[in-house]
Amino acid sequence: MEKIKQTKVKAMLITKPIGSIVNVKGWVRTKRGNKNVAFIALNDGSVIHNIQIVVDVLNFDEETLRLITTGSCISVNGLLVESQGQGQTVEIQAKEIELYGTADPETYPLQKKGHSLEFLREIAHLRPRTNTFGAVLRIRHAMAFAIHKYFNDNGFYYLHAPIITGSDAEGAGAMFRVTTLDPKLPPLKEDGAIDYEQDFFGKPTNLTVSGQLEGELGALALSLVYTFGPTFRAENSNTARHLAEFWMIEPEMAFYDINDNMDLAEDCLKYFICYALDNCYDDLEFLNKMYDNGLIERLKSIIDNTFVRLSYTEAITILENSQNKFEFPVKWGIDLQSEHERYLVEKHFKKPVILTGYPKEIKAFYMKQNEDGKTVRAMDVLFPQIGEVIGGSQREENYDKLYSRVKELNIPEKDLWWYLDTRKYGTAPHSGFGLGFERLILFVTGMGNIRDVIPFPRTPQNAEF
Ligand code: 4AD
Ligand code: MG
């Protein structure tokens, strides 16, 4: 076959070089036709749209054409022409076809359209070939790019927090142990406990639950930093909003108070959503049509509305006065459940809500204490459909206050001396937050389950692919 430079379908549909000989490569979505002419819908993943290949059957090898079935992979040289048919503006009149890989119609699992998302999870190795996952994965890419762009354009430096950590101090959730010790015969100390001094790092280590503590070290030198990496939580929470491995964006800002922190959270979320509307419209339109016809409207409404800012105490009053029956009863001091968060956002205010001033008992040790002695400068950003999309706070920068909180909560000082050091040497007011990347993608795509917005979900009892 003649060697012609490949054009991606996305570029082809933009530049439309009518009358030229082009090459496209991709996977066959459908083939139909009769004994004279075949129509192949080809997709190369660059864009949701297929390109139609028109094949004059008599000019091609019968056996090759027979093997071109749904799922097979081909390379096509041909003439780009305006399409006579409906549904596409251009099509390719095939001159030469090379078959790279067949897909046996008897066994290829994506034979027909309209598989359930549950079924597709069982074939996560093939689901990127569907329109839905193509759209989700392209949007996920665009959001990652937008995140780096936003922070870079605003003077933030990307800090790589470690994935393996020796501290279990954050208290954000159960951790996954990292060890090279023999599980059957670990070295033991005299008292029978495992001797981690003989482990790889000479101490117990885990996968990180958050890059925040390291982010703070960075912010107290570079002023504005963000981390963006995988985090791990070994909770057995089998919900549509939780993963055991998820990605988190954690900006950390020296000299920001809780109000600056809220301003940044609102501004960046609006930027990301705007970016999706500006750059992923075809994919959003597809998801809007197939899954959730309120999606695009909902995205626009985020950009158009100012987020409500409200204290935890005020939120409790609203929930107590509501006529709504909650599964978990409401009273001051409780950790808000997703039903409470969604009531505030979807029923009461009908826009995103930023809650601040949580009881210190239900929040992490590092949050800045308010003068009332009861609450801390925490903030959670709550979104429609999702609930909590961001959790953050102003940090306690006063050494004595932070130290007494560490003691109160029995956090081992030996794991945290380096963190406490920042409050001894040139401490500064500072704030930050964590944005759950998959929660953001859930919101932007309108998908209902977090397992469907990450290529290879890690959840309890599931690490197949
Ligand atoms: O509220 P979290 O636990 O906050 C922290 O980890 C802080 N250290 C962040 C900071 O201040 N730098 O988690 C932050 C966000 C949540 O709001 C949620 O969006 C997401 O991370 N998240 C999860 N996403 C998917 N699966 C899970 N199991 C998640 N747990 C938290
Ligand atoms: Mg949280």
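## Close-up views of a predicted model

**View 1. Helix H6 meets helix H8.** Lys270, Ile273, Cys274 and Leu277 of H6 touch Ile296, Leu299, Lys300, Ile302 and Ile303 of H8. By type, the residues of this H6–H8 contact are 7 nonpolar, no polar and 2 charged. The model shown here and in the other views is predicted.

**View 2. Crossing of H6 and H8.** H6 spans residues 258-279 and H8 spans residues 295-304. Their axes lie 9 Å apart, and the helices pack at an angle of about 140°. H6 is therefore oblique to H8. The crossing of H6 past H8 is left-handed.

**View 3. The barrel of 5 strands.** The strands form a closed barrel in the order E1-E2-E3-E5-E4. Pairing in this barrel is mixed. On average, neighbouring strands of the sheet are turned by 55° against each other, direction ignored. Strands of a sheet pair through backbone hydrogen bonds, either parallel or antiparallel.

View 4. E1 covers residues 21-33 and E2 covers residues 37-43. The two strands run antiparallel and are joined by 6 bridges. Thr30 has Ala41, in E2, as its bridge partner.

View 5. Lys149 pairs with Asp153 in a salt bridge. The closest N and O atoms of Lys149 and Asp153 are 2.8 Å apart. Both residues lie in H4, which spans residues 131-153. Lys149 and Asp153 are 4 residues apart, about one turn of the helix. Side chains of opposite charge can pair when their charged atoms come close. Across the whole structure, a search finds 22 salt bridges.

Conventions: Residues numbered from 1 in each chain as written. Chains lettered and ligands numbered in written order. Predicted model: local features only at pLDDT ≥ 70, side-chain atom pairs only at ≥ 80, totals over all residues. Heavy atoms only, no water. Pairing = 2+ DSSP bridges. Axes fitted to C-alpha atoms, helices over the stretch in contact; angles between N-to-C directions. Parallel < 35°, antiparallel > 145°, perpendicular 65-115°, else oblique. Left-handed = near helix turned anticlockwise from the far one by under 90°. Contact = heavy atoms within 4.5 Å. Nonpolar A, V, L, I, M, F, W, Y, C, P; charged D, E, K, R; others polar. Salt bridge = Lys/Arg side-chain N within 4 Å of Asp/Glu carboxyl O.
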